[in-house]
Amino acid sequence: MADQRRNPEHRPSPEALLEAARREEGRIGKLRIFVGAAPGVGKTYEMLQSARARLTDGCDVVVGVVETHGRKETEALLNGLEVIPRQRIEYKGQFLDEMDLDAIITRRPQIVLVDELAHTNAQGSRHPKRYLDSGSC
């Protein structure tokens, strides 16, 4: 259909576009970003509280990666949430723990919690930045 949009003579009808949108409607997710003006203002805490509410509502919620920064109150909010184990990647003689994007895609949850979107992934990861991984889930 992308080729049809580029060629005005073969442009799909509005009905065909609506039908294509209906078919994909259930597959396209939404991205909710929690933003704060400074570290420690409660972005992760609020994300976890929201996720727990969605879990209570019956949604399938998993933690892709959450950084608690040692905050006990934030760690407590992880209780009861399924956490996808991180993938260990060797890089320059060290092992790094990265979000396991393939495990998340295989698991196919309704909601994935992804913290620290500006994180630079280890070399060899599918994407250079974590925010790019978020679009793949």
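Okay, let's start with a contact: arginine 86 and glutamate 67 meet through their side chains in a salt bridge, 3.2 Å from N to O. By salt bridge I mean a side-chain nitrogen of Lys or Arg within 4 Å of a carboxyl oxygen of Asp or Glu. This pair links distant parts of the chain, 19 residues apart, with arginine 86 in the loop between β2 (82-83) and β3 (87-91) and glutamate 67 in the loop between β1 and α4. The element names come from DSSP runs, helices being H or I with at least four residues and strands being E with at least two, numbered from the N terminus.

Before I go on, this is a predicted model, so local features need pLDDT of at least 70 and side-chain atom pairs count only at pLDDT 80 or more, while totals for chains, interfaces and linings use all residues. Residues are numbered from 1 along each chain as its sequence is written, and side-chain values use heavy atoms, with hydrogens and water left out.

Back to our pair. Arginine 86 counts as partly exposed because its relative accessibility is 32%, and glutamate 67 is partly exposed too, at 24%. The cut-offs there: buried is under 20% relative accessible area, exposed is over 50%, and partly exposed is in between, using a 1.4 Å probe and protein chains only.

Let me show you a couple of others.

Arginine 107 forms one with glutamate 82, and their closest N and O atoms are 2.8 Å apart. Arginine 107 sits in helix α5 (residues 101-107) and glutamate 82 in strand β2, so this pair ties together parts 25 residues apart in sequence. Arginine 107 is partly exposed because it has 28% relative accessibility, and glutamate 82 gets the label partly exposed at 35%.

Helix α5 has another one to look at. Aspartate 102 makes a salt bridge with arginine 126, with the closest N and O atoms 2.1 Å apart. Aspartate 102 is in helix α5 and arginine 126 is in the loop between β5 (111-114) and α6 (130-134), so the pair ties together parts that are 24 residues apart in sequence. With a relative accessible area of 44%, aspartate 102 is partly exposed.

Next, histidine 69. You'll find histidine 69 in the loop between β1 (61-65) and α4 (72-76). Is histidine 69 buried or exposed? Exposed, because its relative accessibility is 52%. Its side chain has a polar contact of 2.9 Å with the side chain of glutamate 116. That term means a pair of N or O atoms within 3.5 Å; within protein, one must be able to donate a hydrogen and the other to accept it, and residues adjacent in sequence count only if both atoms are side-chain atoms. Histidine 69 and glycine 40 are 29 residues apart in sequence, yet 9.0 Å apart in space, C-alpha to C-alpha.

Now the backbone. Histidine 69 has a phi near 55°, which is positive in a residue other than glycine. Arginine 108 also isn't a glycine, and its phi is positive at about 55°. Arginine 108 is in the loop between α5 and β5, and counts as exposed because its relative accessibility is 70%.

Last stop, valine 35, in the loop between α2 (14-24) and α3 (43-56). Valine 35 counts as exposed because its relative accessibility is 72%.
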